[in-house]
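Could you walk me through this structure, one feature at a time? I'd like to learn how to read each one.

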Amino acid sequence: MPDLSTATKGRILYGGDYNPEQWPEDTWLEDVRLMKAAGVNSVTLGVFSWSTLEPRPGERNFGWLDRLMDLMHANGIGVVLATPTSSPPPWMGHLYPDTLPVDQDGRTEHWGGRQHFSHSSATYRRFAAAITEDLAARYGGHPALTMWHINNEYCTFDWSERAADRFRIWLQRRYGSLDALNSAWGTAFWSQGYGDFAEVHTPRHAHYMKNPTQVLDFRRFTSDMLLECYLAERDIVRRATPHLPVTTNFMPLWFGQDAWRWAEEEDVVSVDIYPDPRDPLGAQQGALVQDMTRSQARGPWMLMEQAAGPVNWRGVNHPKPRGLNRLWSLQAVARGADAVCYFQWRQSRQGAEKFHAGMVDHAGEEGRVHQEIKQLGAELRVLSEKVTGSHTDNDIAILHDWQSWWAGVQDGRLSSEVDYPDVLKAWHRALWEAHLTTGFAHPDHDLTAYKVVVVPQLYALTDAAIDNLLAYVRQGGTLVSGFLTGIADEDDRVRPGGMDARLRELFGIRTLHEWWPLDAGEHAECEGSPGGFRGTLWSEEIDKTEDATTEAAYKGGELGGLPAVLRRGRAWYLSTLPEPDALRELLARVAHDAGVRPALAGLPDRVEAVRRGDLLFLLNHGRESVTVEVPGAHRDLLTGEAGTDRVTLGRHGVVVLER
Amino acid sequence: MPDLSTATKGRILYGGDYNPEQWPEDTWLEDVRLMKAAGVNSVTLGVFSWSTLEPRPGERNFGWLDRLMDLMHANGIGVVLATPTSSPPPWMGHLYPDTLPVDQDGRTEHWGGRQHFSHSSATYRRFAAAITEDLAARYGGHPALTMWHINNEYCTFDWSERAADRFRIWLQRRYGSLDALNSAWGTAFWSQGYGDFAEVHTPRHAHYMKNPTQVLDFRRFTSDMLLECYLAERDIVRRATPHLPVTTNFMPLWFGQDAWRWAEEEDVVSVDIYPDPRDPLGAQQGALVQDMTRSQARGPWMLMEQAAGPVNWRGVNHPKPRGLNRLWSLQAVARGADAVCYFQWRQSRQGAEKFHAGMVDHAGEEGRVHQEIKQLGAELRVLSEKVTGSHTDNDIAILHDWQSWWAGVQDGRLSSEVDYPDVLKAWHRALWEAHLTTGFAHPDHDLTAYKVVVVPQLYALTDAAIDNLLAYVRQGGTLVSGFLTGIADEDDRVRPGGMDARLRELFGIRTLHEWWPLDAGEHAECEGSPGGFRGTLWSEEIDKTEDATTEAAYKGGELGGLPAVLRRGRAWYLSTLPEPDALRELLARVAHDAGVRPALAGLPDRVEAVRRGDLLFLLNHGRESVTVEVPGAHRDLLTGEAGTDRVTLGRHGVVVLER
Amino acid sequence: MPDLSTATKGRILYGGDYNPEQWPEDTWLEDVRLMKAAGVNSVTLGVFSWSTLEPRPGERNFGWLDRLMDLMHANGIGVVLATPTSSPPPWMGHLYPDTLPVDQDGRTEHWGGRQHFSHSSATYRRFAAAITEDLAARYGGHPALTMWHINNEYCTFDWSERAADRFRIWLQRRYGSLDALNSAWGTAFWSQGYGDFAEVHTPRHAHYMKNPTQVLDFRRFTSDMLLECYLAERDIVRRATPHLPVTTNFMPLWFGQDAWRWAEEEDVVSVDIYPDPRDPLGAQQGALVQDMTRSQARGPWMLMEQAAGPVNWRGVNHPKPRGLNRLWSLQAVARGADAVCYFQWRQSRQGAEKFHAGMVDHAGEEGRVHQEIKQLGAELRVLSEKVTGSHTDNDIAILHDWQSWWAGVQDGRLSSEVDYPDVLKAWHRALWEAHLTTGFAHPDHDLTAYKVVVVPQLYALTDAAIDNLLAYVRQGGTLVSGFLTGIADEDDRVRPGGMDARLRELFGIRTLHEWWPLDAGEHAECEGSPGGFRGTLWSEEIDKTEDATTEAAYKGGELGGLPAVLRRGRAWYLSTLPEPDALRELLARVAHDAGVRPALAGLPDRVEAVRRGDLLFLLNHGRESVTVEVPGAHRDLLTGEAGTDRVTLGRHGVVVLER
């Protein structure tokens, strides 16, 4: 089977989305000159080219793309060819309104932007298949072609009648019978019993809270419909070029797509990463996405999009200060990326993204941004040989599951202050700041390889997943779980006792009397291990079992003396979210006790250390120089300089050390 | 005529909504065991059972309900039987889209939640009547049946074409002629003159501010249409069981329903009360609803719904700390309730309300919540004999009127900071904190029985209501009024001079030059009685008449020296809303001068004292023990303990003293 | 050609909108008595009279208006007659739904408010023309008629199918060909290439950011469609009464209307001014509108609407403290107004505006508001002879352009914190607080008369406008420009280098590496001229040319040492927005160096001095008395008092001095 190495051939891919139909052809020649000077070896063509390729229904306009493919090949630049199906031409919505999605308020999403396609429209799917067929036929044998890129950032919901038709079919497949659906959705409550599948619709605008399992199934359905769209196109290109890898780019932690499931269908897992350059935790949030993508890829992965400077979709869009683009790019390499790419090569002068940075931005060749792009290209070339194909390992896995997230985010839950991604980020941050390299896993995965498994929050768990967790601990693993875990089954049916009985037993919870969610800004004072600390977001009124230990207890208030951190053997349960320092100390201690060690001991704050293969990456996220103790002799791959026992990193500095 | 005593038969009703169609029948037996152990003597069945009772149009499925009714009867538990018409089955919206309401933006409210019925739909009304007829015929003679409960929390607006058809008929009845409508609505302004009733519509989405009297009439129409729905079902069950009382449960201070008018059509006035357990004023807000419901009932009333723990519809839903459920339940009894019920008996495991507490919650029988439910059941049994049927009296009445509220809450008013319910609550709080038991009255009611009448704000008043107020003062009553009273007539036509001339004369206002609304957080410094204080929300530029006294004046600023508190004889006028302490002191003084005394003298803060019949309830809303002076010998009904001169209340403690 | 002097005939017009169809006819007589007592000499009739004039399609009801016109004439009060086309009668929307506008979410804007007309509806235009024809025919020769007022506050957008039809025609006219449209809109990006004009629509609800040039053109189209509506009616009345002036009233800085273009089509430029009486900068914001309107009128202009007291459309609507109405009215006269009018004469008792003040408000004749109205009427009579027709001059022009504003306010821009009107206001404020009288100009205007030209922000500039600016500086002018100027061309195509190359050269910018927008509340510390100060909203990473001077530099941070204020000769560039004091000092210095002097030297804070013709207006915006040095002998026109060297102004006092 083809994979990322098929495309890299030992070189880190460097380049990005290239939308040359925006420019006259003489600009293309200038682009090629600049690409070669910058070490660019890969471009993605065709992402938004549908109206250019098919200006009228069924017409084909390939000449410009022929010339581009040839031009790239002639200059040694590989092409990742995209199907253009994320943005249909205006004629499609105009002639076939059934191709347009409808939002939950009944508003049609018209053309004029992008992603205005209904995943459930047979017409859309037919046109998408046809253009994909023709692209595969025409370019499958082109020597510039290195990879297929299907669609772009799948991200559309659809509440239309068409979606409702498909939703009914999807439900019939899932449940087999109306009785099963009525049981799973709990329709005996609120008089929602369905007497005919025809009565079921997407969860449209309603007077009051919607049925949560209907909403959950609609989220599952959405991910599955988008996946059907992806698979249809993937299968077409795979038939034409079985030797070439196929990908589609994820948006990190995008709510609508079960990326664990999707990744199984990709040859290359790729992702877009856009932390806010102003965010003090930007580097950690990048690391989280990198760790998750690496875990989905089970090896090297592709950074499909990042920005060389500011994006244009935040309220205030900050540029990247000098050195930050290089730092975050090399961080991705340290954490397993074999491709470092951007949206987009040349910044648009028109349209909705003209203030989104490019590798060549408005300031042009002499601008600071492009000068840094050139420097990075040269460095990636130096690293390529010793990096590509190697692995970044982790002893700790964080469990994450879209299905559980979907089940938990509903109207009518106990606290809207609990934001699942924020909780996930808080736990990853604690480990990242403890200099512990972590990966992610699905609750059904084989966990035996990990010394520590962490569950920030898995509201809904299947029986099988609970079996898996219990077996993991039974076999000697250390498990640390946050609150709101194991509350519901896969139908969002609350487990008797308010939390699965076996999990309660595992953690030493006799009775879970009440959840005590905390208000925004409210804290629960705690004492015990790790010292005194403050809990946030949540607390609980728990009776523990006798064989469990209260590692930290609430102090004062209604819950005084009750367990905030509960431990029974190697199973830890946190009924609150400790503030960052406390969570870091707690997890560092648990990890240490389980035999996990950081990539390098004694690291200063703001310096990240990651081992990839035989190399040690040190990254200085601070703006001040810092000296790091690195025992023994070593050599920095980037500069070739040898050193002993210590290395100094300048502002945003990076070294890649080999022994 | 049947009333609440018909159902109580001398026992305080204890129980709640029971939705057993969610559970297998063996759970029903377990439920009965727990109900009996907890002293439950009443359950409400059928509230959300429509799709179970009528799974397909016209079908009937009564067997399960037959068994339940029999089961309840066999165990001595009375049944309040609900018509299931608040939540139509999915087939109804699917087959008859005209049964669905439409919001003011034109969005249809679909099934999948609840209350998705158009009050104006003839189809809906036909199906509702049919199922009500069949329920009445089948269960009217059942020995378990104690009361009828029509629909549930009527609360739907409808801007649809169907509603527009009914609105036109309603308007023709109200006005008789187009000329009268045009005059009442002031359509000569903004070119809104109607030439045909067919041109009139519900106040749908418009470019700019809507006609306020059209909006006002639409609110009246909405209350009346919902009332028509209620009356149609009430009349059906009343024909079947003229000996049994009928109710429908109000949501407290719900905007859309003129509960004064509705209460006249009920045999039992019932209400749902859900203060936030975290709200420091939760007890006062409960008291307000209790006082209002008692006033509407003119005697004992039914607490139809409360939560044993957290609800699930706030942003953050807090549980009830130990003792609070009992405290607030006994507070309701003190203030006239002869029924203490909950939503719902057993907490749902599925659906939108699975995180709303139950009397048996997820923690089950051994959980703290259910243990407290059991304790309360036992105590209510002890109180029943001496409590049921007795009255809680009040010398003070607060005037409240939905019609006036509807008229006042419009776009284009002077200050959106003035929130009518908040003003109402502020005045009730002042009296509650002064330990003065108050009731509510409508401005048309006979007020002669009251020593003090308080008008927090009645923006619109009819001539008859003004007559009533003037007569009350003339006959020796003490009247205290806040600003924005008597501004408009019943068509929302501003009275000449900006405030009714007779009211101005009553209070001693010569000229009301300008209203000076205050910004959020802004204060108007005042001096005089009660000492220096700060006004909030509002101030006024007034010339007083010579025979009026400036009891407190604005200090400095544009209004320096002008009256903040104006008095002419026994008529008081407040042109600002004093901060809580000042309003409490002022009202306490006025009440004292009018001969009103608290239920007990010398009460500490946070202790509430209410007399019901011959009993004195003392309720400690604080978390600390407190000793209360109660002169003479007394006995606590709950414990049977006798005492003299003082009694000590623990955290959230309650005693019910008889001499 | 007729102009404002045709109507004033040497008297300052004083009066306002009069909507007598709200009142019985005996109130009309009372109104006339009060008007004459108050010096009212002009009323506007008919603004909202359509349903009265045409109660059913095609019917005419003119009798009431005949009587009113005669009554006004008999009492020496001139009539500005309005076409009633801003608020169609209910029958129109009911019978002709195509006359109703549709918003971008697809919601129809119904009757029941006002301005519910589709500018693109042929039906609406036909009815509007017919009623205008008939009004012109009936009253064109009436001796009371002094001016025509077309519609009222044009302000409607329309995304309907009808609007789309007209938009396509408008685009065909603008671009000639689809290729030109595709090029201007940059449709090669995001697959938006149009293959047929039929595919183009208004920018309706979409999944993601809309095409910015489509949005820009839709804004141009909206202004043009409204202008077509205006012109059609104007031409009708002009044919009937070529000797009488025509106007329509602008809302200040209303986004949807290119008032530069519109003003060219008016005989009289009129405007509505409603600063918040509580706004500490209310007087400055009034001055801004007055300066802009005077510049559009190129001479005397008409204050069509202001409020004698509170308005009713803010969250909290404050009255005008004693003296403020007079002060702000005389400020308008000082800045060129020859008409001081109000909405409305008598405050409504019904409808949406019943809490908007009137010249006779709810308090009536004896109320403070009306007493001040009478005083002002007397004073305007005194001023009339020496004021009407005279000019207020300015040496400084601020450039403003709706087209540039429209281009710059788009989704996907770098900072949503940058609000164009706020930037414009900040620059005007700096000059106003420096006591420098300024006007406004369009970037295409002849600028040679100005000593200083100021560009707060002109995001999009045509080549011709850039030529104009360059020529202005070349010819000796001083130009001061803020950031985000010259970024794009008229199609919103970013200029190479991120800013027009010639402008970069003008200001001495070699490379504009990056924009560094600032977060809300963030500051950029700067040092240099004017001393140390803080920049707000924006900063930039710029390499300057050698011949440019860094007048102030960023201090510390990523941009330390780079130019915050850059100067090359007489061309100044500010890459940040200095805080108010710093911007005032900088502009005062630049103006002084360019030979500009305030109307009077040595003015205290809060006192405004403006010269109109030979008169010097001094206005005290403070609440404390203040003495102003005015060298030499002078006489106050208002009081007739003579003085020497100084004059004292009481709270909100005004003197109008002649030598």
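Predicted model: local features only at pLDDT ≥ 70, side-chain atom pairs only at ≥ 80, totals over all residues.

Q: How do I read the relation between copies of a chain, and what rotation superposes chain B on chain A?

A: In general, two copies of a chain are related by a rotation about an axis and a shift along it. Here a rotation of 120° with 0.0 Å of shift along its axis puts chain B on chain A, with RMSD 0.0 Å. For chain C on chain A, the rotation is 120° with 0.1 Å of shift along its axis, and the RMSD is 0.0 Å. These two copies are thus related as by a three-fold rotation axis.

Q: Now the contacts: how many residues do chain B and chain A put in?

A: Two residues are in contact if their C-beta atoms, placed from the backbone, lie within 7 Å. By that rule, chain B gives 53 residues and chain A gives 46 residues. On the side of chain B that touches chain A, the elements giving two or more residues are α3 (50–53), α5 (90–95) and α13 (368–387) of chain B. Those names come from DSSP runs, numbered from the N terminus: helices are H or I with at least four residues, and strands are E with at least two. By class, that side of chain B has 18 nonpolar, 25 polar and ten charged residues. Here Ala, Val, Leu, Ile, Met, Phe, Trp, Tyr, Cys and Pro count as nonpolar, Asp, Glu, Lys and Arg as charged, and the others, Gly among them, as polar.

Q: And which elements of chain C touch chain A?

A: That contact takes 46 residues from chain C and 53 residues from chain A. On the chain C side, α9 (212–240) and β14 (509–515) of chain C each give two or more residues. The largest share, four residues, comes from β14(C). The chain C side divides into 15 nonpolar, 19 polar and twelve charged residues.

Q: How is chain A divided into domains?

A: The bounds come from an automatic or database domain assignment. For chain A it gives domain 1 (1–40 + 269–391), domain 2 (54–267), domain 3 (396–593) and domain 4 (607–658). The C-alpha centres of domain 1 and domain 2 of chain A lie 26 Å apart. Between them, 24 residues of domain 1 of chain A are in contact with 22 residues of domain 2 of chain A. α2(A) gives the most to the domain 1 side, with four residues. The residues of that side of domain 1 divide into 16 nonpolar, three polar and five charged.

Q: In what order do the strands of the chain A sheet run?

A: Two strands pair if DSSP finds at least two bridges between them. In chain A, ten strands form an open sheet with mixed pairing, in the order β11-β10-β12-β13-β20-β19-β18-β15-β16-β21. β11 (438–441) and β21 (577–578) of chain A stand at the edges, each with a single partner strand, so one side of each has no neighbour in the sheet. Inside chain A, β10 (residues 396–399) and β12 (residues 452–455) run parallel, joined by three bridges, and Ile396(A) stands opposite Val452(A).

Q: What does an antiparallel pair look like in chain B?

A: Take β15 (residues 524–528) and β16 (residues 533–536) of chain B, which pair in the antiparallel sense over three bridges. Glu525(B) stands opposite Arg534(B) there. Two bridges then join β16(B) to β21 (residues 577–578) of chain B, also antiparallel, with Gly535(B) opposite Pro578(B).

Q: Which strands does helix α15 of chain A lie across?

A: Helix α15 (residues 420–433) of chain A lies across β10, β11, β12, β13 (478–482) and β21 of chain A, at about 170° to β10(A). Axes are lines fitted to C-alpha atoms, for helices over the stretch in contact, and angles run from 0 to 180 degrees between N-to-C directions.

Definitions and conventions
Residues numbered from 1 in each chain as written. Chains lettered and ligands numbered in written order. Least-squares fit on C-alpha atoms with pLDDT ≥ 70 in both.
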